[in-house]
Amino acid sequence: MAKVFGKDLIEKMKGRSYWLADYKENIIDGVRYCIWCGNDLIGRKRKYCNEDCDLSFWQIYKGEFVWSEIRNKIFNRDDFTCQKCKTKYDPNVLGDDAWSKLECHHIIARVEGGTHKDENLVTLCKECHKKETRKLTQRIFTTRKFLINRHHSRLLLDFLK
Ligand SMILES: [Zn+2]
Ligand SMILES: [Zn+2]
């Protein structure tokens with residue numbers, strides 16, 4: 001049996017209904033291991049070797065779970081329907097598959113200052129999301145090119161002065 005810890009464990013916990021507090025499977029041959037770094041635990045430690053491991057695990061764990069909660073709320077609000085192509089992926093019909101077909105899109109991208117607030121989030125299917133992401137990458141690329149060009153022409157002007 002292989003140790004499952006760190007981000008792999010967080011990924012595994014996503015599909016579970018119980019809390020991290022009840023997680024007791026970090027044990028192999030009677031020895032517990034740290035759920036963040038995977039090192040064997042010494043003494044009476046139950047989950048982490050030290051505070052650093054504790055904090056590191058929690059930051060990511062919390063981030064992932066808060067996000068999945070937000071996402072679920074948006075999917076429900078949009079009735080599991082892509083807001084671009086209007087395809088519905090009903091979890092009552094498709095089960096878990098529905099969740100993997102849909103993604104939560106930031107209308108104003110995170111890199112452009114968009115928030116996780118409801119009004120900035122919308123349900124898209126994977127395909128439509130890909131298109132939106134491509135547009136964003138292009139936009140960022142063009143802006144950068146513009147800024148670099150401007151920077152260069154300024155240098156040139158300074159040089160010509
Ligand atoms: Zn550790
Ligand atoms: Zn779509």
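**Asp-79 sits in the loop between helix 2 and helix 3 (91–94).** Welcome to a predicted model, in which local features need pLDDT of at least 70, side-chain atom pairs count only at pLDDT 80 or more, and totals for chains, interfaces and linings use all residues. Residue numbers start from 1 along each chain as its sequence is written, while chains are lettered from A and ligands numbered from 1 in the order in which they are written. The helices (H or I, at least four residues) and strands (E, at least two) named here are DSSP runs, numbered from the N terminus. Zoom in on the backbone of Asp-79: its phi is positive, about 55°, although this residue is not a glycine. Most residues other than glycine have a negative phi. Asp-79 counts as exposed because it has 10 C-beta neighbours inside 10 Å. For this and the later views, a residue is buried if 20 or more other C-beta atoms lie within 10 Å of its own, exposed if 12 or fewer, and partly exposed in between, with C-beta atoms placed from the backbone.

**Lys-86 is found in the loop between helix 2 and helix 3.** Have a look at its backbone too: Lys-86 is not a glycine, yet its phi is positive, about 65°. With 9 other C-beta atoms within 10 Å, Lys-86 is exposed.

**Ten residues build the largest nonpolar core.** A nonpolar core is a set of buried Ala, Val, Leu, Ile, Met, Phe, Trp, Tyr and Cys residues joined through C-beta atoms within 7 Å. The members to pick out here are Ile-74, Phe-75, Phe-80, Cys-82, Leu-102, Leu-121, Val-122, Leu-124, Cys-125 and Cys-128. At least two residues of this core come from helix 2 (51–77), and at least two from strand 4 (121–125). Strand 4 gives the largest share, four residues. Another core, of nine residues, lies apart from this one and includes Ile-10, Tyr-33, Cys-34 and Tyr-48.

**A close-up of Leu-121 shows a buried residue of strand 4.** Leu-121 counts as buried because 21 C-beta neighbours fall inside 10 Å. Leaving aside neighbours within four places in sequence, the contacts of Leu-121 are Ile-74, Cys-104, His-105, His-106 and His-116. A contact here is a pair of residues whose C-beta atoms, placed from the backbone, lie within 7 Å. Thr-137 is 16 residues from Leu-121 along the chain, and their C-alpha atoms are separated by 18 Å.

**Cys-125 touches Cys-82 and Cys-85, among others.** Also in touch with Cys-125 are Thr-87, Tyr-89, Lys-101 and Leu-102, not counting residues up to four places away in sequence.

**Lys-135 is part of helix 5.** Is this lysine buried or exposed? Lys-135 counts as exposed, since it has 11 C-beta neighbours inside 10 Å. From Lys-135 to Ile-74 is 61 residues in sequence and 22 Å in space, C-alpha to C-alpha.

**Domain 1 (1–77) and domain 2 (79–161) divide the protein.** These bounds come from an automatic or database domain assignment. Where the two meet, four residues of domain 1 are in contact with seven residues of domain 2. The side of domain 1 that touches domain 2 has three nonpolar residues, no polar ones and one charged. In this count, Ala, Val, Leu, Ile, Met, Phe, Trp, Tyr, Cys and Pro are nonpolar, Asp, Glu, Lys and Arg are charged, and the others, Gly among them, are polar. The C-alpha centres of the two domains lie 30 Å apart.

**Stepping back, the elements run α-β-β-α-α-α-β-β-α from the N terminus on.** The radius of gyration, taken over C-alpha atoms, is 22 Å, well over the 15 Å that the globule rule gives for 161 residues, so the protein is more spread out than a compact globule. That rule is 2.2 Å times the number of residues to the power 0.38. Along the principal axes, the C-alpha atoms fill a box of roughly 75 × 50 × 25 Å. Buried residues make up 14% of the 161 residues.

**Confidence is lowest, among the elements, in helix 5 (residues 126–160) and highest in strand 4.** Over the protein the mean is 86, and 90% of residues reach 70 or more.

Key. pLDDT is the predictor's confidence in each residue, from 0 to 100.
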